[in-house]
Structures are given as C-alpha cells and as structure tokens.
Amino acid sequence: MEMSILAAKEAVVKAAHLLAKSGMLFRGSHANLSARVDERRFVMTRGGSVADLEASGLSLLDLDGNVLEGEMDATNKEVISMHAGIYRIRPSAGAVIHTHAPHVTAFAVAHEPLPLIYEPLLRLGFTEPVPVVPWAPRGSERSVGGILEAAEAHPGVSAVLMANHGVLVWGDNPGHAAQVLINLDEAAELAIMARALGGAKVLPERAVEEVRERMAAFGSRR
Ligand SMILES: [Zn+2]
C-alpha cells in the first residue's frame, strides 16, 4: 500500500488523464484527486482543473490538512478535509477522486440514490445503492461531516453522491478509484436511458453472493 511520493503523483496523473479521456470531467474539467503515500500523508491536486495535470500540479499533505510540500490554490484548500476525512475513516482507501461526472451527477442533483442495477459495480465491491449526502457548501464541516457519516453508514459502497454538486469516490489506488467512477457513471447513464424503456430493474437478492462466488472460483480480484 505504501507508495513513494513520486509514484503516488504519477498514479494520480495517469488516473486524471483516464478520466479526461473517458468523459468523467464534464465540460469544466473541474476535479480534485488525491492518493495516499503512507498512514499519515497523501498527495493532492493543487488546482481546480485537471485536464492537463502533471506531477508538479500535486502537493504533499498530512491527514490533519497541513501542506507539507508544494502549494494549494484556495479552491482546493477548501476541500482538503474531504479527502483527509476519507483516508482517516477508511484505512484501506489509497485514493480519493471528486468530479462532476455528468450522469452520476444527474442523480446527485435529483437527490436520487443510484440503485444497484449494473453487474460491474458488484465486481467492484458495491453491495448497496450509492447514497446522497445533503447539500452544504463544498468542503464545509457540514458537507464533509455528511460525507463521512454516509460512508460509515454504508460500508457496501466506495462512493457517495453530493447533492446538487457531484460525486466522491475512493479506491485502493488512483487507477482503481478511476474505474469505480467510470463504472458508476456508466450505471447512471444506463439507468437514465432505461427510463425510456420502463425503468432499470434491480439485481436479484442473491446477486452479490453469486458474483463473489464466481470471482472466487476464477481467482478474479475485480
Ligand atoms: Zn466539485
């Protein structure tokens, strides 16, 4: 799990480029991404747009929100505690990503939890719908408190929808977190498209166990 600072930065840059390529940044390219370095430290994007992110665009922080190396723009200083909070409550989280990925953000602005309708999410460990966290100004104590409360109340997801704003996901590493986000946005897009056909149907009750059994039989990790 422990990564060198440079390796962590490079993994974030790679994930940001993947997100840009797969349409996860919406038109403003606004996003913030981070990756854990060790138990106490993580690297995080310094500015608001990550479309052309380079390793020099990341700074080193600790879990109390102190900037150890580099600088942080004011807009991203506002949301340091959102990333640090996830690392504190989820020791297995190696990366955190926030974007306004369009389809999953549509659920966030509709205050609608994203139902469990798409098998790839089960393979990524999702066992329940993705909850919506009530709106509060980004990065505020109320917003971050709501996010952490929802994350603790829903151990079967590694994402929350931020009402009237966007989505926050976490994963083992930046590449994994990016995959989680991409699959969430696919699920959201499919759910919206399925409405024209009478609506998406949830997976059968035993689907979570059956997917786990099948992956175990093949030794698949996800
Ligand atoms: Zn945002």
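A residue is called buried at under 20% relative accessible area, exposed at over 50% and partly exposed in between (1.4 Å probe, protein chains only). The structure is a predicted model, in which local features need pLDDT of at least 70, side-chain atom pairs count only at pLDDT 80 or more, and totals for chains, interfaces and linings use all residues. Residues are numbered from 1 along each chain as its sequence is written, and side-chain values use heavy atoms, with hydrogens and water left out.

The zinc ion is coordinated at 2.1 to 2.8 Å by the NE2 atoms of His-30, His-98, His-100 and His-165 (donors are N, O and S atoms within 2.8 Å of the metal, or 3.2 Å for Na, K and Ca; water is not among the atoms, so sites may look incomplete). The spacing of the donor residues in sequence is H-x67-H-x1-H-x64-H. His-30 lies in the loop between helix H1 (5-21) and strand S1 (31-36), and His-165 in the loop between strand S7 (159-162) and strand S8 (166-171), so the pair ties together parts that are 135 residues apart in sequence. Helices (H or I, at least four residues) and strands (E, at least two) are DSSP runs, numbered from the N terminus. His-165 is buried, with a relative accessible area of 17%.
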